[in-house]
Amino acid sequence: MAPKPRAKRMRSGGHAVAFAVERLGDLPDALLHVILSFLPAVQVVRMSVLSRRWRDLWRSTPCINIDDHDFWTSTWLNRHGLAEIWRKLEDFTTNLLLFRINDTSLDKFRISACHWPDDELRRRDIDRWVRRGIRYRPQVLEIIISASPAVPFPRMGASSCRLKRLQIHYMYLDNQFGRLLFSGCPVLEDLDLSMCSNNFREFKSRTLRKLAIDRCVNLTGDPVVIAAPRAAYLRLSIPPDCYSSGVSMRETASLVKASVDVLCRGETFSLIHQRRILGSLCNVKNLELWGFQRRAMLVEESAEFPIFANLQTLLLDRCFLDKCNLSDKLEALGSFVQNAPCLEKLTLKCCMFEAEMETEEEQAARETITLQRQDQNNYRFPKLKFVEVMYEEDHDHQLVELVWGIGRKLPDASIILRKLNVD
C-alpha cells in the first residue's frame with residue numbers, strides 16, 4: 001500500500017491531538033487541577049493555549065511549582081547571560097502570583113531559585129515571591145533558595161493554620177520562627193530545614209512527626225533544645241563550630257528512626273555532647289550515626305550508657321576514625337552492640353580506617369600484619385545476623401585485618417563485603 005501524503009498525515013495527526021485535547025477538556029475542573037498539579041508552573045501556563053476552557057485554569061491550580069531550572073538553557077545562557085534569564089524568571093513568577101485567583105488556597109507552593117550571583121535586587125524579588133506564596137495559605141510550603149546574606153523568613157500570621165509540611169533551604173530564621181513552631185502551626189507534621197541561619201534555640205512542637213535539621217548554623221551560641229514528643233523520624237547534621245554548646249533532646253520516646261551526622265568528627269562537638277545524643281536515642285529501632293568517635297560509644301566511659309532495647313538496624317558511617325589501635329576500636333564497637341540485645345544488622349561504612357595512610361612510616365610498618373589468634377572479649381549476639389562492611393579501597397591489608405577482627409569479636413554474624421563506587 002502506498003504511503004499517505006505527508007500533508008494528509010500531518011492533518012491526521014493534528015486531528016488526533018485536537019481530539020485528545022477535547023477529551024481532556026470534558027473532564028471536570030477538579031480532576032484537571034489534579035493533573036496539572038504534577039507539572040511545573042511553566043508547563044501549566046503553556047497548557048492554557050490548548051483550549052479556550054483552559055485559558056484561565058492556571059489561575060486556580062492548587063499547586064504552584066516554580067523552578068529556575070525551567071528557565072535555564074545553554075542557548076539562552078550563551079546568548080543572553082544570567083541577567084536576561086533572571087528577568088524572564090522574575091517576569092513569569094511575578095505575573096503568575098499576581099494574577100492568581102485570591103480566594104483559593106494552595107495545596108502546595110514550591111519555589112526553587114539557587115546558584116545565582118548575590119544581588120540585593122534578586123533578594124528582594126525572592127522575598128516578594130515567598131510572601132505572596134504564603135498569602136495563599138498552602139498546606140505544603142517548600143522554599144529552596146540561595147542568597148547571601150540569607151533572606152529572612154517572613155511572618156506567616158494566619159497563613160500557617162493549614163501548614164502540614166515546611167521545607168526551607170538557606171534562609172534566616174529568627175526567634176519568631178521558634179514561636180511559630182510552638183504555637184503557630186497547629187497541624188504541622190513535617191519540618192525540613194537545611195543550611196539555614198537559626199537565631200533561636202528551641203525546636204518545640206507537639207504535632208511534628210518528622211524533623212530534619214541539616215547543616216544549619218546556630219547563631220545563639222546556646223545549647224539547642226529539641227522537644228517533639230510525637231516525632232517518629234529525626235535527622236540531624238551538625239556542622240563544625242556551630243553547636244559547641246551541645247544539643248539537648250527531650251521527649252524522644254516516639255522516635256523510630258534517627259540519623260545523626262557529626263560533620264566536624266568531634267573537633268567542635270565534644271565526647272560529652274555525642275554521648276548525650278546517644279542517650280536520647282535509646283528507643284529507636286533504626287539508627288544511623290556519622291562521625292562518632294570511639295570513646296563516645298565505649299560503654300565503660302559512661303556510667304549512664306543507655307540500653308538500646310528496640311534497636312534492630314545500626315549504620316555507622318565514618319565512625320571510629322580517631323587515632324588508636326584497631327583492637328581498641330573493635331572493643332568499643334562490641335561494647336556498644338552489647339547494649340543492643342535486639343540488633344539484627346550492623347553496617348560499617350568506611351569505618352575504623354582513614355582512606356589512606358598519612359605517612360610513609362605507617363605504610364612501611366604495614367607491609368606485613370599479624371592477625372591475633374584470640375581476643376580478650378568475644379561478644380555473643382544470637383539475633384545479630386549480618387555485619388555489612390562497606391569500603392572504598394583496601395589499603396595495606398586494612399580490610400583483611402578488619403574482617404578478621406570482626407569475625408573474632410562478633411562470631412555469630414555473617415560478614416558481607418561491599419565495595420563502594422568512587423567517582
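Biologist: Is Cys350 buried or exposed?

Modeller: In this predicted model, Cys350 has a relative accessibility of 13% and therefore counts as buried, the cut-off for that label being under 20%. Cys350 sits in the loop between strand 18 (345–349) and helix 9 (360–365).

Biologist: What is there to notice about the phi of Cys350?

Modeller: As a general idea, most residues other than glycine have a negative phi. Cys350 is not a glycine, and yet its phi is positive, at about 55 degrees. Glu251, also not a glycine, has a positive phi of about 55 degrees; Glu251 lies in the loop between strand 14 (247–250) and strand 15 (257–262), and with a relative accessible area of 42% it is partly exposed.

Biologist: Which residues does the cis peptide bond join?

Modeller: Most peptide bonds are trans. Here a cis bond, with omega about 0 degrees, links Ser148 to Pro149, and Pro149 belongs to the loop between strand 3 (140–145) and strand 4 (151–152).

Biologist: How should I read the charge on Arg122, and which side chain of opposite charge is nearest?

Modeller: A salt bridge requires a side-chain nitrogen of Lys or Arg within 4 Å of a carboxyl oxygen of Asp or Glu. Arg122, in helix 5 (residues 120–134), is buried but has no salt bridge, since the nearest side chain of opposite charge, that of Asp119, is 4.4 Å away. Leaving aside neighbours within four places in sequence, Arg122 is in contact with Leu82, Ala83, Trp86, Trp116 and Pro117.

Conventions:
Residues are numbered from 1 along each chain as its sequence is written. This is a predicted model: local features need pLDDT of at least 70, side-chain atom pairs count only at pLDDT 80 or more; totals for chains, interfaces and linings use all residues. Side-chain values use heavy atoms; hydrogens and water are left out. Helices (H or I, at least four residues) and strands (E, at least two) are DSSP runs, numbered from the N terminus. Buried means under 20% relative accessible area, exposed over 50%, partly exposed in between (1.4 Å probe, protein chains only). Lys and Arg count as positive and Asp and Glu as negative; His and the chain ends are not counted. Contact means heavy atoms within 4.5 Å.
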